[in-house]
Amino acid sequence: MRQLAPEKIQRHPIAVCVVGTGAIGQTVIDALHAGSVPDVSLTAVLNSRSSPEEAAAAFDAADIVVEAATVDAARTVLPEVVKRGKDVIVCSCGVLAERGFDVESFGSGPGRVLLPTGAIGGFDVLAAATRAGTRGARLTHTTIKRPGALGIEERLDAERTVFRGSARKAALTFPRTSNSSVALALATLGLDRVEVVVIADPAAASTRHVVEWESPLGRYELTFENAIDPASSGRTSAITAWSVIEVLAALPLGIGPGAVVLGPSRRS
């Protein structure tokens, strides 16, 4: 068998379809247009005005789809993409907290669901700690945001805890602002074991996340303070879109630590 020299091997850019043109989607689109991600090219952009026929054609042509729209859009996009054997990066991963529409729905599909780590990090050490054993393990994710970003119209004079419960309940209560909690839970103890605390702070100039892990293996506390994307009405950290872009950049090399991978393990 004749082996081609590396310089003669043809490499085709990974074709990307982006669904959504909001704060996250537009940043991803702009980065791909600018050629910021080697070996990755933008082939289609879909939004709420796109027809089912346009969406089907875009999914067929793409190698991977980026869902950066809403939970409602994700309900439609995920099954359509995965059944085609394509990978999908899901930003509205709160949809996976819904009963009957969770990880098990995609465990045997031909395509993978990739969750970007979004506004937080440390998934590598936390996933490793989970693999070491979950008996006696506790994980809490505290989020501090402006009241308006949480849909709270009441005027607050001081910070207030507005939610305490599981990652699943957090995603159902705050579907647009709990995506990091869902990704964290699915990478570690699961949606019903990770505790989420949501605090509304009228003085918040940024979004703050505190992740606390404790188990026989050790104790970890990770803190992230993110600038807010001005196009997101205060809901989205500016780093989130770049988390998606980092996942795309890793695809030609293989998925790195910047994503939670759901689905068949047989694919590299």
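A: The side chains of Arg-75 and Glu-98 meet in a salt bridge, with N and O 2.8 Å apart. The term stands for a side-chain nitrogen of Lys or Arg within 4 Å of a carboxyl oxygen of Asp or Glu. Arg-75 sits in helix α3 and Glu-98 in the loop between β4 and β5, so the pair ties together parts 23 residues apart in sequence. Helices (H or I, at least four residues) and strands (E, at least two) are DSSP runs, numbered from the N terminus.

This is a predicted model: local features need pLDDT of at least 70, side-chain atom pairs count only at pLDDT 80 or more, and totals for chains, interfaces and linings use all residues. Residues are numbered from 1 along each chain as its sequence is written, and side-chain values use heavy atoms, with hydrogens and water left out.

How open are the two partners? Arg-75 is partly exposed, at 34% relative accessibility. Glu-98 is buried, at 17%. Buried means under 20% relative accessible area, exposed over 50%, and partly exposed in between (1.4 Å probe, protein chains only).

Now the helix. Helix α3 covers residues 71–82. It lies across β1, β3, β4 (87–90) and β5 (113–116), and runs at about 160 degrees to β4. Axes are lines fitted to C-alpha atoms, for helices over the stretch in contact (heavy atoms within 4.5 Å). Angles run from 0 to 180 degrees between N-to-C directions.

Those strands belong to an open sheet of six, in the order β2-β1-β3-β4-β5-β11, with mixed pairing. Two strands pair if DSSP finds at least two bridges between them. Strands β2 (40–46) and β11 (259–262) stand at the edges with a single partner each, so one side of each has no neighbour in the sheet. Neighbouring strands are turned by 25 degrees against each other on average, direction ignored. Inside the sheet, β1 (residues 14–19) and β3 (residues 64–67) run parallel, joined by four bridges. Val-18 stands opposite Val-66 in β3. Another helix, α2 (residues 52–61), lies across β1, β2 and β3.

Next, the nonpolar side chains. A nonpolar core is a set of buried Ala, Val, Leu, Ile, Met, Phe, Trp, Tyr and Cys residues joined through side-chain atoms within 4.5 Å. The largest one has 52 residues. Cys-17, Phe-59, Val-65, Val-88 and Leu-115 have the most contacts inside it. Its largest share, six residues, comes from α3. A second, separate core of 23 residues includes Val-37, Val-66, Ala-68 and Val-244. Val-65 touches Cys-17, Phe-59, Val-77 and Val-88, among others, leaving aside neighbours within four places in sequence.

Back to charges. The model has 11 salt bridges by the rule above. One of them joins Lys-83 and Glu-80, with the closest N and O atoms 3.2 Å apart. Lys-83 is exposed, at 55%, while Glu-80 is partly exposed, at 28%. Asp-192 and Arg-99 form another, at 3.9 Å, N to O. Asp-192 lies in the loop between α6 and β8, and Arg-99 in the loop between β4 and β5, so this pair ties together parts 93 residues apart in sequence. Asp-192 is partly exposed, at 45%. Arg-99 is exposed, at 62%. Salt bridges that share partners also join Asp-60, Glu-80, Lys-83 and Arg-84 into one network.
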